[in-house]
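Visitor: I would like to go through this model term by term. Please set each value against its cut-off.

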Amino acid sequence: MLRHTGEFDRTFWQSGQNVLQVKTAGVILLSLFNYYTVIPSLIIALLLFSCCFGAADGACLFRRSSEQQGLSSNLPTCCLEKSEQTAHIHPNSKNAQGLVGLRNLGNTCFMNSILQCLSNTHDLRDYCLRNTHRTDLNCRANAALMEEFAKLTQTLWTSASNEAISPSDFKTQIQKYAPRFVGYNQQDAQEFLRFLLDGLHNEVNRVSIRPRVPVEDFDHLSDDEKAKRMWNKYLEREDSKVVDLFVGQLKSSLTCSECGFCSTVFDPFWDLSLPISKSSGDVSLIDCLRLFTKEDVLDGNEKPTCQRCKARRKCTKKFSIQKFPKVLVLHLKRFSEARIKTAKLCTFVSFPIKELDLREFASDNMNAIYNLYAVSNHTGTTLGGHYTAYCRNPSTGEWYTYNDSRVSPMSSSQVRSSDAYVLFYELTNSSRM
C-alpha cells in the first residue's frame with residue numbers, strides 16, 4: 001500500500017501562488033511602462049530580481065516540503081503515482097460533499113473501504129452530522145471511538161477542500177477498542193466492520209447499566225409473540241442508534257424427525273454471511289440466500305436433543321428472517337479455510353442494484369424490498385490484495401469509486417463485479433410502511 005501525501009501538493013501550490021502574484025505584478029508594471037513610455041530601468045531591474053527571488057522561494061518550499069515527506073526534490077508532481085496525489089473529484093459535480101478520500105496509513109485499505117461505506121449510510125451520516133450521538137453518550141467517560149468516528153464523518157461531509165484526509169486519529173481509537181487492529185497488517189474488512197459497529201454501539205447504548213435478564217420459558221407462546229418478547233429482552237440490554245439501523249432478528253426452526261416437534265429460537269443479527277454456491281454457471285445473490293436458508297439435516301454427532309422426546313434425535317434445521325433491519329449487510333463468504341491454506345472464491349455473484357425482494361426469506365411473508373447503496377470490494381488473493389468501495393452518494397444519488405485517497409465517478413452498471421465482498425442494502429420507504 002502506498003502512503004499518501006497531501007501536504008506536498010498544497011505547499012507547492014501555495015508557493016506557486018506567490019510566484020504567480022509577483023509575475024502578475026510584473027505584467028501590470030510593464031503595462032504602465034508601455035503607457036507612460038518612460039520608467040527608470042532600475043525599477044525593471046528590481047522587478048526582475050523579485051520575480052527570480054519569488055521563483056527561488058517557491059523552489060525552496062518545494063524542496064523543503066519534499067524532503068519532509070521523503071520525496072525526491074527533483075520529482076515533479078506529474079510523476080507521482082495517482083494514489084499519492086489529492087483525491088480526484090468530478091469537475092462537473094455541483095456537490096463535492098462526501099467525495100473526499102482517505103489516506104492509506106499502511107495496509108489500511110480495509111478500514112478506508114468500510115469507513116466510506118458507513119459514511120454513505122444516510123441515517124448514520126445524519127446522526128453524526130447533527131451531533132445527535134452526543135445526546136446518547138450519557139456522559140460516558142469512554143466515548144472516544146464514537147467521537148472520532150463522528151468527527152471523521154463530519155470532515156468527509158463538510159470539508160471545503162477535496163484533499164484526502166488522514167484517519168490516523170480514528171485508527172488510534174479503534175485499535176484501543178480492538179487491539180487486533182494495532183499495527184499495519186492487512187485485515188478482513190467484514191471483521192473490521194463487526195468490531196467497529198460493536199464499539200460504536202457500546203458507546204452510544206441508551207442502556208447505561210445492563211440489567212440481568214432472567215431465563216424465561218416462551219415455548220407456550222406463538223412464534224410471533226415469542227419473537228416480540230425475545231426482541232424486547234434484547235433491547236433491555238442493547239439499545240442504540242446503531243442497533244436501530246443494523247440489527248435484525250433471525251428465526252431458527254428445529255424439527256424432530258421422530259415426533260415432529262418444532263422448537264424455535266430468535267436471535268439478533270448484525271449481518272448475514274452467505275455461502276457462495278460452487279457452480280460453473282451463473283450465481284445470483286438470491287441463490288446465496290437460498291443456500292443460507294435451506295433446510296439442513298442434523299444427524300450423527302450433530303444430533304440435537306429434542307425437547308419433547310428428551311433424547312438426541314435426527315432433526316432438520318432452517319433459518320428465516322423474522323425482523324428485517326433498516327440497513328442489511330450481506331457478507332459473501334469468499335474466503336474458506338482449506339487444509340493447507342486459505343482459499344478465495346472469485347465467483348461472480350449477480351446482485352440487484354434496486355428492488356432486492358426478500359419476501360421469500362421472511363418468516364411471515366412480510367414486505368421487504370431493499371436498494372443497494374454501497375459495496376466493499378476485495379481484489380487480489382489471500383496472499384495479497386486491496387480493498388476499495390463503491391458508494392452511492394445519498395445526496396446526489398450518483399455512484400463513486402473510493403480507492404483510498406482517490407475518489408472518482410462511476411456508472412451504476414460498473415458496480416457488479418467478482419470483487420464484491422460486503423454488500424450494503426437500505427430498506428425502501430414502502431417496506432418501512
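Visitor: How many aromatic pairs does a search of the whole structure find?

Guide: The search finds 11 aromatic pairs. Rings of Phe, Tyr and Trp (its six-membered ring) pair if their centres lie within 6.5 Å; planes under 30 degrees apart count as stacked, over 60 as edge-to-face and the rest as tilted.

Visitor: What makes the pair of Phe110 and Phe181 stacked?

Guide: The ring centres of Phe110 and Phe181 are 6.1 Å apart, within the 6.5 Å limit. Their planes stand at 25°, under 30 degrees, so the pair is stacked. Phe110 belongs to helix H3 (residues 109–119). Phe181 is in the loop between helix H6 (168–177) and helix H7 (189–203). The two are 71 residues apart, and the pair links distant parts of the chain. Helices here are DSSP runs (H or I, at least four residues), numbered from the N terminus.

Visitor: What should I know about the source and the rules behind these values?

Guide: This is a predicted model: local features need pLDDT of at least 70, side-chain atom pairs count only at pLDDT 80 or more, and totals for chains, interfaces and linings use all residues. Residues are numbered from 1 along each chain as its sequence is written, and side-chain values use heavy atoms, with hydrogens and water left out.

Visitor: Why are Phe110 and Phe181 called buried?

Guide: Buried means under 20% relative accessible area, exposed over 50%, partly exposed in between (1.4 Å probe, protein chains only). Phe110 has 5% and Phe181 has 4%. Both values are under 20%, so both residues are buried.

Visitor: What makes the pair of Phe181 and Phe192 edge-to-face?

Guide: The angle between the planes is 85°, which is over 60. The rings of Phe181 and Phe192 are 5.3 Å apart, centre to centre. Phe181 lies in the loop between H6 and H7 and Phe192 in helix H7, so the pair ties together parts 11 residues apart in sequence. Phe192 has a relative accessible area of 1%, so Phe192 is buried too. Ring pairs join Phe110, Phe181, Phe192 and Phe195 into a cluster.

Visitor: How do you know that Lys171 lies over the face of Tyr184?

Guide: A charge sits over a ring if NZ of Lys or CZ of Arg is within 6 Å of the ring centre and within 35 degrees of the ring normal. Lys171 is at 4.5 Å from the ring centre of Tyr184. The charged end of Arg180 likewise sits over the ring of Phe181, 6.0 Å from its centre.

Visitor: How do you know that the buried residues of H6 line one face of the helix?

Guide: The buried residues of H6 are Phe170, Lys171, Gln173 and Ile174. Seen down the axis of H6, they fall within an arc of 165°, so they line one face. The arc is taken over the directions from the helix axis to the C-beta atoms. These residues pack against H3, helix H5 (144–158) and H7.

Visitor: What makes Glu147 and Arg134 a salt bridge?

Guide: A salt bridge is a side-chain nitrogen of Lys or Arg within 4 Å of a carboxyl oxygen of Asp or Glu. Between Glu147 and Arg134 the N to O distance is 3.6 Å. Glu147 is in helix H5, Arg134 in the loop between helix H4 (122–129) and H5. By this rule the count comes to 17 salt bridges.

Visitor: Why is Glu147 called partly exposed?

Guide: Its relative accessibility is 27%, which lies between 20% and 50%, so Glu147 counts as partly exposed.

Visitor: What makes Asp244 and Arg206 a salt bridge?

Guide: Their side chains meet at 2.7 Å, N to O, within 4 Å. Asp244 is in helix H9 (residues 241–246), Arg206 in the loop between H7 and H8, 38 residues apart. Asp244, at 30%, and Arg206, at 34%, are both partly exposed.

Visitor: Why does Val207 count as buried?

Guide: Val207 has 15% relative accessibility, under 20%, so Val207 counts as buried. Val207 is in the loop between H7 and helix H8 (223–235).

Technical notes
Contact = heavy atoms within 4.5 Å.
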